[in-house]
Amino acid sequence: MTIIDTYIQRHPRSQALFRQAQTLFPSGVTHDGRYVAPFPLYVERCAGAYKWDADGNKLIDYWMGHGALLLGHGHPAIVAAVQRQMERGTHYGAEHELSLQWAHLVKRLVPGIELLRFTASGTEATMMALRLARAFTGKPIVIRFAGHYHGWHDMLAHDTNDASAPAGLYDGVLGSTVVAPTDLDYVEHALRSRTDVAAVILEPTGASYGAVPLPPGFLRDLRELTLRYGVLLICDEIVTGFRVAPGGAQQREGIVADLTTLAKILAGGLPGGAVGGRADILKHLAFGDAEWNQAHKIRHFGTFNAAPLAAAAGTAMLGIVAEEAPGVCAAALGERLISGMNAELRKRDLGGWAVYGDGSIFHIIAGCSVRFPPGELDPTAPPDELKRGGDPRLVQLLRLGMNNHGVDLMRGRSGFVSAVHTMDDIEATIAAFAATLDAIAAEL
Ligand SMILES: Cc1ncc(COP(=O)(O)O)c(C=O)c1O
């Protein structure tokens with residue numbers, strides 16, 4: 001039986017739910033990344049490193065809450081904190097002490113955070129960071145890098161040099177960002193030739209949490225360059241924060257950005273984000289006299305900013321990050337997974353395939369047009385292929401085939417290892433990968 005036929009046979013209830021979903025949601029999904037033909041999996045419950053789909057199949061989970069669940073599903077300390085908070089109230093319509101504990105932990109862990117504000121999502125955090133940069137510098141333009149994702153709001157939705165606006169975006173907003181390649185000479189030339197640049201924003205390990213890795217030393221050199229030209233650096237640590245090191249990529253690389261955006265692990269698996277950084281920049285969120293409020297203050301509302309449940313989950317999560325550095329254990333498991341999967345590629349001599357990553361974050365490229373030796377990613381691989389994981393047909397087969405073998409890869413081409421995956425889970429994932437490669441070979 002083909003991979004797709006097996007998938008359909010194993011998941012009748014998911015297929016039925018998807019039929020219903022198509023009458024409710026465009027394409028039947030609530031997030032573009034979950035869309036897959038012939039239909040996505042419907043999940044009923046999760047625990048630790050596992051999820052169970054609507055047909056009762058158990059899967060080792062590598063979506064891990066889109067990267068939010070460094071401690072796996074339902075960590076007892078987080079569950080207890082949220083349950084405690086649930087009984088006390090989900091929204092006070094008031095300031096509350098737990099938000100202070102949460103903020104103290106963020107300040108303690110992330111370099112350069114003197115003041116912060118909580119938001120309801122990562123998208124809101126990067127939107128706020130851009131406003132802060134513009135208000136502080138009085139300049140309009142932000143440099144961002146091709147393919148780097150910072151949420152889906154208008155100001156950062158356009159991530160290519162394509163001159164036409166994507167559907168739904170007003171042409172007028174396109175001019176407010178310059179989309180640069182990850183080439184410091186290009187950035188330096190832009191900074192030298194223009195006087196209207198407020199900030200540079202990036203994902204500090206490369207586009208899509210490292211699917212397109214940055215050249216070595218890029219982050220440090222960019223920090224030096226932005227300082228030299230008096231332009232703010234915004235580090236989007238929404239995925240990398242609290243994961244690649246307790247203080248994120250900045251701590252690991254020994255740099256301090258002017259502004260940092262956070263979400264995901266920050267809120268312990270509940271919705272939440274934050275923007276933090278230099279006090280003189282964050283001052284633009286503070287009240288002053290009438291002239292300041294009119295001309296310099298950024299208005300900031302948001303029903304769910306620092307929401308008590310997110311504060312409870314986030315405080316429990318960051319307390320564990322501060323004490324136990326769970327990212328270290330997750331990274332060791334991730335490294336074993338990457339090397340084991342690459343060994344399977346080598347056994348089958350699959351040129352143009354590789355598994356690579358950054359500790360607990362891994363990516364797969366399947367059938368790249370650059371035929372590098374199996375498992376040895378070539379830095380000249382086209383960035384758009386790296387971002388989508390290679391040949392879309394192979395990515396689809398990999399995604400469904402891994403599901404058939406009890407593993408749920410994020411979008412079929414990436415994954416987040418948590419601190420509660422076990423070495424047995426890793427070995428089972430490598431075996432599932434081997435079986436899926438064989439199933440793909442059988443039908444090509
Ligand atoms: C680097 C990065 N920035 C921003 C965002 C947007 O965060 P959210 O989905 O919480 O709006 C994401 C989400 O995946 C992200 O990966």
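Helices (H or I, at least four residues) and strands (E, at least two) are DSSP runs, numbered from the N terminus. The model is a predicted one: local features need pLDDT of at least 70, side-chain atom pairs count only at pLDDT 80 or more, and totals for chains, interfaces and linings use all residues. Residue numbers start from 1 along each chain as its sequence is written.

**Domains and their interface**

- The chain is divided into domain 1 (3-73 + 326-443) and domain 2 (76-324); such bounds come from an automatic or database domain assignment.
- Between the C-alpha centres of domain 1 and domain 2 there are 28 Å.
- Across the interface, 19 residues of domain 1 are in contact with 22 residues of domain 2, contact meaning that the C-beta atoms of two residues, placed from the backbone, lie within 7 Å.
- On the side of domain 1 that touches domain 2, two or more residues come from each of helix H14 (326-347), strand E12 (354-358), strand E13 (361-365) and helix H15 (383-388).
- H15 gives the largest share of that side of domain 1, three residues.
- By class, the side of domain 1 that touches domain 2 holds eight nonpolar, nine polar and two charged residues. Here Ala, Val, Leu, Ile, Met, Phe, Trp, Tyr, Cys and Pro count as nonpolar, Asp, Glu, Lys and Arg as charged, and the others, Gly among them, as polar.

**Ligand shell**

- The ligand is surrounded by 14 residues, of which the closest are Ser121, Gly122, Thr123, Gly151 and Ile238; a residue is near a molecule if its C-beta atom, placed from the backbone, lies within 6 Å of it.
- Helix H5 (residues 122-137) is the element that gives the most to this shell, with three residues.
- The shell comprises four nonpolar, eight polar and two charged residues.

**Nonpolar core**

- A residue is buried if 20 or more other C-beta atoms lie within 10 Å of its own, exposed if 12 or fewer, and partly exposed in between, with C-beta atoms placed from the backbone.
- A nonpolar core is a set of buried Ala, Val, Leu, Ile, Met, Phe, Trp, Tyr and Cys residues joined through C-beta atoms within 7 Å.
- The largest such core has 126 residues, and those with the most contacts inside it are Val106, Ala133, Ala199, Ile234 and Ala313.
- Helix H13 (residues 308-324) supplies the largest share of this core, nine residues, and at least three residues come from each of domain 1 and domain 2.
- Val106 is in contact with Ile113, Leu116, Leu262, Ala274, Gly276 and Leu318, its neighbours within four places in sequence being left aside.

**Helix H9 (residues 218-228)**

- The buried residues in H9 are Phe218, Leu219, Leu222, Arg223 and Thr226. They lie on the same side of H9 because they cover an arc of only 135 degrees around the axis, the arc being that of the directions from the helix axis to the C-beta atoms.
- Arg220 and Arg228, on the other side of H9, are exposed.
- The buried residues of H9 are covered by elements including helix H7 (184-193), strand E7 (197-202), strand E9 (232-236) and helix H10 (248-253).

**Individual residues**

- Leu337, in helix H14, is buried because 25 other C-beta atoms lie within 10 Å.
- Leaving aside neighbours within four places in sequence, Leu337 is in contact with Phe362, Val417, Ile426, Thr429 and Ile430.
- Glu87 is part of helix H3 and counts as exposed, because it has 7 C-beta neighbours inside 10 Å.

**Backbone exceptions**

- Most residues other than glycine have a negative phi, and most peptide bonds are trans.
- The peptide bond from Ala37 to Pro38 is cis, with omega near 5 degrees; Pro38 is in the loop between helix H2 (12-21) and strand E1 (43-47).
- Met64, which is not a glycine, has a positive phi of about 45 degrees. It lies in the loop between strand E3 (58-61) and helix H3 (76-88), and it counts as buried because it has 28 C-beta neighbours inside 10 Å.
- Lys264 also is a residue other than glycine with a positive phi, near 50 degrees. Lys264 lies in the loop between strand E10 (259-263) and strand E11 (273-277), and it counts as buried because it has 28 C-beta neighbours inside 10 Å.
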